[in-house]
Amino acid sequence: YQRRVHGVDQLDRKFSGTAAGVHRSVFQTPSQIHLTLLMLRLYHPDELAHARHLLYQAENFIEQVFAPSDTLHLKGLNYMNDDPSEVHVLYMQVAGLIQDKILSLVEYISDAFIQAGFATEREIEHNEKLHITLMNSKWRRSSDEDGSGSSAAGGRREARVPFDIRPIMAEFESVDLGHHPLRTVELSRMGAKTSGGYWVSDQTAHFPSDEEGY
């Protein structure tokens, strides 16, 4: 996505003047682009330790289901609601047969964390919609160009303001970003970042790989 539009700054300049509500702050930081499998709330060190063990155990399942040749095919944009002029989430879709394998992994991980008491059925009811979020209105900051609206602590807006993605969809709805190797499943700590800009990982499960030393 970043490669096709030459970065978030260029996309912002291209569409901010023609698409209502589009501002650079609603775009995902390129270094944080990821495919979400499950969101967790872990409040205590013992819960984190248990979650780490569950993900460690998941690597056996991953090795049984996935092959080193499996890749993630990213193709097409979509959005969460019915009106493209008032959207809160724009996302990249996962295409091809790999969807079935990834959904089986989502089901395995979801079941494991539900049984452990870290998630509920209601919290995972939309997990079957595989997506890589590229734009989200909840990331909007009060320092956007129109300066309207109140802001929450840290510069975040209190009220979510939708954006018009029709110009973006007209140009990029069928964008194909190709096939990408599957590397890891991370138990990431949102809010804490590495020097590379991604979230700190508390546990990692690896996909099968033919790469030496990986």
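How many Å should the 21 residues of helix H3 span at 1.5 Å a residue, and how far apart are its end C-alpha atoms? Select residues 45-65 to find out: H3 should span 30 Å, and its end C-alpha atoms are 31 Å apart, which agrees. The expected span is 1.5 Å times one less than the number of residues in the helix.

Before moving on, a word on the model. It is a predicted one, in which local features need pLDDT of at least 70 and side-chain atom pairs count only at pLDDT 80 or more, while totals for chains, interfaces and linings use all residues. Residues are numbered from 1 along each chain as its sequence is written, and side-chain values use heavy atoms, with hydrogens and water left out.

**The whole chain**

Zoom out and colour by secondary structure. You will find five helices and six strands, in the order α-α-α-β-β-α-β-α-β-β-β along the sequence. Helices (H or I, at least four residues) and strands (E, at least two) are DSSP runs, numbered from the N terminus. Of the 214 residues, 39% count as buried; buried means under 20% relative accessible area, exposed over 50%, and partly exposed in between (1.4 Å probe, protein chains only).

**Back to H3**

Now show the side chains of Glu47, Ala51, Leu54, Leu55, Ala58, Phe61 and Ile62, the buried residues of H3. An α-helix has 3.6 residues a turn, so residues three or four places apart point the same way. The buried residues of H3 pack against helix H4 (98-115), strand E5 (184-193) and strand E6 (199-206).

**The core**

Next, pick Leu77, Leu90, Ile102, Leu105, Met135, Ile165 and Val185, which touch the most other members of the 45-residue largest nonpolar core. Such a core is a set of buried Ala, Val, Leu, Ile, Met, Phe, Trp, Tyr and Cys residues joined through side-chain atoms within 4.5 Å. Among the elements giving two or more residues to this core are H3, H4 and E5. Centre the view on leucine 105: not counting residues up to four places away in sequence, this residue touches Leu37, Phe61, Ile62, Phe66, Val185 and Phe207 (contact means heavy atoms within 4.5 Å).

**An aromatic pair**

Two of those neighbours deserve a stop. Phenylalanine 66 and phenylalanine 207 form an edge-to-face pair, 4.9 Å centre to centre with 85 degrees between the planes. Rings of Phe, Tyr and Trp (its six-membered ring) pair if their centres lie within 6.5 Å; planes under 30 degrees apart count as stacked, over 60 as edge-to-face and the rest as tilted. Phenylalanine 66 lies in the loop between H3 and E1 and phenylalanine 207 in the segment after E6, so the pair ties together parts 141 residues apart in sequence. Phenylalanine 66 is buried at 5% relative accessibility, as is phenylalanine 207 at 9%.

**Salt bridges**

Which residue forms a salt bridge with aspartate 70? Select lysine 101, where the closest N and O atoms are 2.9 Å apart. A salt bridge is a side-chain nitrogen of Lys or Arg within 4 Å of a carboxyl oxygen of Asp or Glu, and the structure holds three. Aspartate 70 is buried at 14% relative accessibility, whereas lysine 101 is partly exposed at 25%.

Finish at arginine 189, which forms a salt bridge with aspartate 202, the closest N and O atoms being 2.5 Å apart. The pair links strand E5, which holds arginine 189, to strand E6, which holds aspartate 202, across 13 residues. Arginine 189 is partly exposed at 41% relative accessibility, while aspartate 202 is buried at 15%.
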